[in-house]
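Thanks for coming, everyone. Please take a moment to look at the sequence and the structure before I walk through a few places in it.

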Amino acid sequence: MEISASYLNLIEANKRRINGALLSRIAEELDIRDDRLTGRDEARLIETLSEMAADPGLAVEGQSAFGETQEVVARNPNWSRLAARAYRRMTGLAEAVNLVEDRLANDPALGDAVHDMLTEISALRSTSEILFEGGKDGSGAMEAQQRERFEEILFQQSARLSDTGAALARYFDETTQKRRLRIPAAEAEEAIALTPALADWIEEEAKTARRYILREDEDIAYALRRATRDFDVDRDIGWLEERDRRALAFATSRFHGLVDRAVDACAAAHSAAWREIGEAVEMEDETRRLIGREVLRRAADALLAPKDFILAEAADCGWDLMRLQRRLDGDMALVMRRIACLPSPGDGGANARAAHFRVDAAGRTLERRGALQLAPRGRNLDCPVWPAHRAARGELLVLPVMRHDEGRALAIAWTDLGGMWADMLLLGESAARDGVYAPDLEKAPALVGGECRVCAHQGCRWRREPFVAGSPAED
């Protein structure tokens, strides 16, 4: 560690404090964060648990038997972190529920809109009843001129009701965006998307680190140099997993400064976004952890597949994923992640116009990255039409897709040989036309939506539940 014996004796005798540079070197050597050594991590944990113990809604008989919070954290650090995380999530959910209740009970705009809708519905029903009865007064059916007048009234009332309903839908949509539920994974994705400079930082750090690796570490250098057009995935899948593990381990030990810089920048962008809607929100520790993990994932990928290499190969093969996979040792997931995370300034490829998803065998989205504006509003790919749910093992499934309210996109899915998850790359229309998949975009698109209850596609053979508003709209 390059520390003198006299200085070490002074530290052990509690006569000198460990300076920041030495603390960072110790943390790097032990492969842990600085916060674990300085006590900041533990202090935040104690503060959260103390707040939880003082919460009147959680008060229990004999609560003093829990002992001192500091002692609990020292004896059971992992359980303490789990309890603190559960408490933060619980308070976030309770806050969201209270906001919705308050809005439903007291929001004048919502009350006016609902009142207008009820008024229009009542008038519409009355007019409809008159038409249905035919205006009979004992002397015969309603006269043509009178019926025409009532039909005009019916049309006007239905138009007003439609306008009111549309305004109410827009209002709820804006409210959802402003008062969104604080889910750490979603917040981490949004914060990264709000920090466009992050991609360039990662590429720069990885480029510098790669020069060091190729000079100093022969094992990783071999993993980074290897690229072949004749790759047997069945034979070497274990080697791929080991290469990925080693790259992540190196990134974890090497990129402390990058992670701290990235997390702070994402936290600042996150806070600024909340301030724009009039709220002061501090990023949660779990969100910061997820951002750090994603930065390390992207840094490891940039080590394994440098930007210049990817762009050169992609230009040569027209962004053909199977050929890129062969050039990256058969690692299709790496290919998709890199395409989705390349810096956005126009390099002629998919770049920021692509999004990557990893979905497990149960249909839950494990990872999302890249151009999330292409993604469904919810985190999960609820619609079974998405090719990520249907790709055969070891084969690409290329499918043009179209959501009800947006243009075409191209979804390309791949299931790993273990079959426990699938990776999917989603390309916007302009990105899809830049490469070899342009002809696929001209095929009849598959109609994809969200969860069946809110999906308006008519006649979908995969529909599990009826549309919440009655008959789905025409496609």
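Predicted model: local features only at pLDDT ≥ 70, side-chain atom pairs only at ≥ 80, totals over all residues.

**A serine and its surroundings**

Let me start with Ser 80, which, leaving aside its neighbours within four places in sequence, is in contact with Leu 45, Leu 49, Val 72 and Val 73, where contact means heavy atoms within 4.5 Å. Residues are numbered from 1 along each chain as its sequence is written, and side-chain values use heavy atoms, with hydrogens and water left out.

Ser 80 is found in helix H6, residues 77-106; helices here are DSSP runs of H or I with at least four residues, numbered from the N terminus. Ser 80 is buried, with a relative accessible area of 3%, buried meaning under 20% relative accessible area with a 1.4 Å probe, protein chains only.

Turning to the nonpolar cores, each is a set of buried Ala, Val, Leu, Ile, Met, Phe, Trp, Tyr and Cys residues joined through side-chain atoms within 4.5 Å. The largest has 54 residues, and Ile 291 and Leu 321 are those with the most contacts inside it. Helix H14 gives the most to this core, with nine residues. Leu 321, not counting residues up to four places away in sequence, touches Met 332, Val 335, Met 336, Ile 339, Leu 396, Ile 412, Leu 425 and Tyr 437. A second, separate core has 21 residues, including Ala 355, Trp 386, Met 424 and Ala 446.

Conventions
Buried < 20%, exposed > 50% of the residue type's maximum accessible area, 1.4 Å probe, protein only. Helix = DSSP H or I, 4+ residues; strand = E, 2+ residues; numbered from the N terminus.
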